[in-house]
Amino acid sequence: MKIKDILEDLKCVTVHVNPERDCEITRGFTGDLLSFVMGSSPDGALWVTIQNHVNVAAVALLKEIPLVLLASGRSPSPDLREQCLKEGIALATVEMDSFDLCGVLHGMGIRNRAE
Amino acid sequence: MELFHMDLHIHTVLSPCAELDMGAPDIIRRCIEEHVDIIAITDHNSSRNSRAVKKAAEGSGVEVICGLEVQSAEDIHVLCLFPDPERAALFEEWVKERLPRILNRPEKFGDQIEIDEKNNIIREHEILLVQGMNATADEIIERAAVAGGLSILAHIDRPVYSYIAVLGMIPGDLKVDAVELSGCLSGDEALEWKAKTGGRNVIRTSDAHRLMDISLDRTTPVMLERPSFREIEMAFKGESGRKILWPWGDLRTPMEIYQEGDLPMK
């Protein structure tokens, strides 16, 4: 799915940074411990997290993550928003918690493993 | 300048996860046996017992720094050390106001006992101390500096409660005075972690939860004029010849050690 379509289909979303280029996403990952995400996330996946520290942008850049979804209504720290803007990483807050959000994304066909 | 051995991370019976042998005079007795010159008392989110240990140390030759091991909103542990018990207590008030009002369940988590210098029980601490406060690690570090204290990222080598595990890396501009590596690491493991510290001061501690954890081979050697908070602060800043030495054996050649005027490592 395209990033814009994912953001449109999700309910109660606040977009902080729009995607620089609207790429296709097929894979997803969830995690809040950044060293774990760095070690385990597939490249190019969308990322569901409640972590709103500026280092999220650095990890996203490292794993070529084009879209970060902050679950449970968490707002990004101002420096995270700024960094995502600078690096062209799409960033949005979703009211749902990580569990429900991953369920919805799974329903859209996003998977952790490549099929 | 003299060589001292310091251990800046020791718990007491106030920490629910610590053994009941971590009484005030007991810790000092163990430090004397192990030739540990300087310690910091750092219970979880509280400095209440550090005053008791400091009193118990009077006349013993062991220098006690008052502090606490603060747990951030992201579950990162930061050691915060202060020049005196009063400033530690003031900082603790700031922490306390931001701790969730969850009560300790001693049968589940362990006892949280406030003691005096003779191990007399003053009271049991009601609010659970092992929980994240409502402030980020970065905010805690900033606040400790404003309050006249030093901050140290605790056990960055661990898979939990560590800045690196939670936040992936240490930002270059993070104004933390030092990072702590676990006393149980080998020299090679410690060197690997050192590479991730961005050239910051590295200390080794015991993170003692029971008396037998306190030992000379889990300390950090430091060159100071005298054992005091101010001197440690100067060593962290590399001022006037004060310095933190690499705990896992000196990486300098004997000639460099000689030229820099340091005593050979014990």
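User: How many bridges join strand 3 of chain B to strand 4, and do they run parallel or antiparallel?
Analyst: This is a predicted model. In it, 6 bridges join strand 3 of chain B to strand 4 (residues 77-82) of chain B, and the two strands run antiparallel.

User: Which residue stands opposite B:C66 in strand 4 of chain B?
Analyst: B:F82 stands opposite B:C66.

User: What about the hairpin of strand 3 and strand 4 of chain B, how many residues are between the strands?
Analyst: There are 5 residues between the strands of that hairpin, and B:D75 takes a positive phi near 65°.

User: Is strand 3 of chain B buried or exposed?
Analyst: Strand 3 (residues 63-71) of chain B has 8 of its 9 residues buried, so the strand is largely enclosed by the rest of the structure. Buried here means under 20% relative accessible area.

User: And strand 2 of chain B, in which sense does it pair with strand 3?
Analyst: Strand 2 (residues 38-44) of chain B pairs with strand 3 of chain B in the parallel sense, over 7 bridges. One of the bridge pairs is B:A40 with B:I65. Between these strands the chain passes through helix 2 (residues 50-56) of chain B, and this β-α-β crossover is right-handed.

User: What is the strand order in the open sheet of chain B?
Analyst: The order is 9-8-7-4-3-2-1-10-11, which makes 9 strands with mixed pairing. The edge strands are strand 9 and strand 11 (243-244) of chain B, each pairing on one side only.

User: Moving to strand 8 of chain B, how many of its residues are buried?
Analyst: In strand 8 (residues 178-182) of chain B, 5 of the 5 residues are buried, so the strand is largely enclosed by the rest of the structure.

User: Which residues are on each side of strand 8 of chain B?
Analyst: B:A178, B:E180 and B:S182 are on one side, B:V179 and B:L181 are on the other, and both faces are covered. In a regular strand the side chains alternate between the two faces of the sheet.

User: What does strand 8 of chain B pair with?
Analyst: Strand 7 (residues 150-153) of chain B pairs with strand 8 in the parallel sense over 2 bridges. Across that pairing, B:I152 has B:A178 as its bridge partner, and B:L153 stands opposite B:V179. Strand 8 of chain B also pairs with strand 9 (residues 202-205) of chain B, in the parallel sense over 4 bridges. There B:S182 stands opposite B:T205.

User: Which helix goes with strand 8 and strand 9 of chain B in the β-α-β unit?
Analyst: Helix 7 (residues 187-194) of chain B does, and the unit is right-handed.

User: Now chain B as a whole. How many helices and strands?
Analyst: Chain B has 9 helices and 11 strands. Of its 266 residues, 56% are buried.

User: Last topic: how much area do chain A and chain B bury between them?
Analyst: They bury about 750 Å², with 59% of it on carbon and sulfur atoms. On chain A, residues A:L33, A:H53 and A:N55 supply 51% of the area buried against chain B, more than any other three residues. The contact takes 11 residues from chain A and 10 residues from chain B.

Conventions:
Residues numbered from 1 in each chain as written. Chains lettered and ligands numbered in written order. Predicted model: local features only at pLDDT ≥ 70, side-chain atom pairs only at ≥ 80, totals over all residues. Heavy atoms only, no water. Buried < 20%, exposed > 50% of the residue type's maximum accessible area, 1.4 Å probe, protein only. Pairing = 2+ DSSP bridges. Right-handed = clockwise from strand over helix to strand, strands pointing away. Contact = heavy atoms within 4.5 Å. Buried area = accessible area lost by both parts, 1.4 Å probe.
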